[in-house]
Amino acid sequence: MTESLKTEPQIKETEERKPLTKKEIAADHPTWCPGCGDFSVLSIYYKLIQKRNIHHEKVTTVAGIGCSSRFPYFVQAHGAHYIHGRALSFASGVSLSRPDLHVFAFGGDGDAYSIGGNHFIHTARKNVKMTYVVMDNFVYGLTKKQTSPTSPIGYKSKTDLWGAFDKPTNPMKLAIAAGATFVARTSHSNPKHLLEMMNLAMDHDGFGYIECLSECTEFYKGAFDASNPRKGGEYPLVPEDHDVTDESAAYELSGEDFPGRFGLFYQVQRPTKNALEARVSDDAKAKFEGKQDWEILQTNFNRMK
Ligand SMILES: Cc1ncc(C[n+]2csc(CCOP(=O)(O)OP(=O)(O)O)c2C)c(N)n1
Ligand code: SF4
Ligand SMILES: [Mg+2]
């Protein structure tokens, strides 16, 4: 990537201001069920904001609809609890118009891969700068147990009483194939690893996507036990010799059976939409410098004749 197409770091970490306390970041009290994995993701988000010394006015939290999408209510900062499946389109607008903010988007597997599947693909391919964390619980939690795109075959829900039989989406493969430039996998049950992934994603100049397993204790209890060493499972990390710039290797890693691998699968640098669009805008401004509004309009009308 050429130097001129690098996006400026969104956060100028402020040394003169003390990191916020958890009390200062937290807004409303979460209303999730006891033991819901989303609690752990929220507390790591607070930790990240503290660790990176980000202040209220420099962070924005965008989400769609779902239990996981309730994040914006719980953060004392800019944010929007937007339309189901449309978090990324809203977040893209914020990211493109406010380069001084760090944009975080959160959502669930339904919000991200089902109703929002097209936005996921296009935001990834456009490489819009933001950090996107999908809390995947393999079910629609908020609407009380419908099959989601990631529900495994055989999962009995209110929409598949006999057990799901449609082939589940593989989010990692989907993200890589769509053109995402940062693709990582983690779990609510390993907060240290989750923080590490969020920290890396935040520094990525582009679309930083994290698939985070987050258990729905109400409608899919034990779904991720096989990935939790405290519950007799294992948490296999991405092998140390894995080349994160190798798309085929990342794709292959994504195909491993559950629990699969955890860590950074893929990361490459490609100019962001933010940088490309800013260049077009700067060129246009230079071209029309000193001109009155009506003269610019007249030029456009003439061009359309
Ligand atoms: C346009 C539209 N369609 C459907 C719904 C109903 N709805 C709300 S949340 C949701 C699914 C949520 O599942 P997921 O995104 O996995 O989030 P979770 O609750 O599991 O965290 C659905 C179908 C809606 N709010 N808007
Ligand atoms: S229904 Fe599931 S996802 Fe929603 S708050 Fe309860 S445990 Fe969490
Ligand atoms: Mg879900």
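How do the residues of the shell around ligand 2 divide into nonpolar, polar and charged? Select ligand 2 and look: seven nonpolar, three polar and two charged. In this scheme Ala, Val, Leu, Ile, Met, Phe, Trp, Tyr, Cys and Pro count as nonpolar, Asp, Glu, Lys and Arg as charged, and the others, Gly among them, as polar.

A bit of housekeeping before moving on. This is a predicted model, where local features need pLDDT of at least 70 and side-chain atom pairs count only at pLDDT 80 or more, while totals for chains, interfaces and linings use all residues. Residues are numbered from 1 along each chain as its sequence is written, and chains are lettered from A and ligands numbered from 1 in the order in which they are written.

**Stop 1: the two ligands**

Stay with ligand 2 and show its surroundings: Trp-32, Cys-33, Cys-36, Asp-38, Cys-67, Asn-137, Gly-141, Leu-142, Cys-216, Thr-217, Glu-218 and Phe-219. A residue makes this list if its C-beta atom, placed from the backbone, lies within 6 Å of the molecule.

Now hop to ligand 1. Among the 19 residues around this ligand, the nearest are Gly-66, Ser-68, Gly-108, Gly-110 and Gly-141. Strand S3 (102-108), helix H4 (109-114) and strand S5 (139-140) each give two or more residues to that shell, and H4 gives the most, with three. Helices (H or I, at least four residues) and strands (E, at least two) are DSSP runs, numbered from the N terminus. By class, the shell around ligand 1 has seven nonpolar, 10 polar and two charged residues.

**Stop 2: H2 and H7**

Select 38-51 and 191-203. These are H2 and H7, whose axes come within 10 Å and cross at roughly 50°. The axes are lines fitted to C-alpha atoms, for helices over the stretch in contact, with angles from 0 to 180 degrees between N-to-C directions. That angle makes H2 oblique to H7; the cut-offs are under 35 degrees for roughly parallel, over 145 for roughly antiparallel, 65 to 115 for roughly perpendicular, and oblique for the rest. On the H2 side, pick Ser-40, Val-41, Ile-44, Lys-47 and Leu-48; on the H7 side, Pro-191, Leu-194, Leu-195, Met-198, Asn-199 and Met-202. Being in contact here means C-beta atoms, placed from the backbone, within 7 Å. Eight of these contact residues are nonpolar, two polar and one charged.

Then step to Asn-53, in the loop between H2 and strand S1 (59-63). Check the phi of Asn-53: near 50°, a positive value in a residue other than glycine.

**Stop 3: H6 and H8**

Next, 171-178 and 247-254. The axes of H6 and H8 come within 8 Å and cross at roughly 160°, which makes H6 roughly antiparallel to H8. Met-172, Lys-173 and Ile-176 of H6 make the contact with Glu-247, Ala-250, Tyr-251 and Ser-254 of H8.

Look for Pro-259 in the loop between H8 and strand S9 (263-267). The peptide bond from Phe-258 to Pro-259 is cis, with omega near 10°. For context, most residues other than glycine have a negative phi, and most peptide bonds are trans.

**Last stop: zoom out**

Colour by domain: domain 1 (19-270) and domain 2 (273-305), with bounds from an automatic or database domain assignment. Their centres, taken over C-alpha atoms, are separated by 38 Å.

Methods. Contact = placed C-beta atoms within 7 Å.
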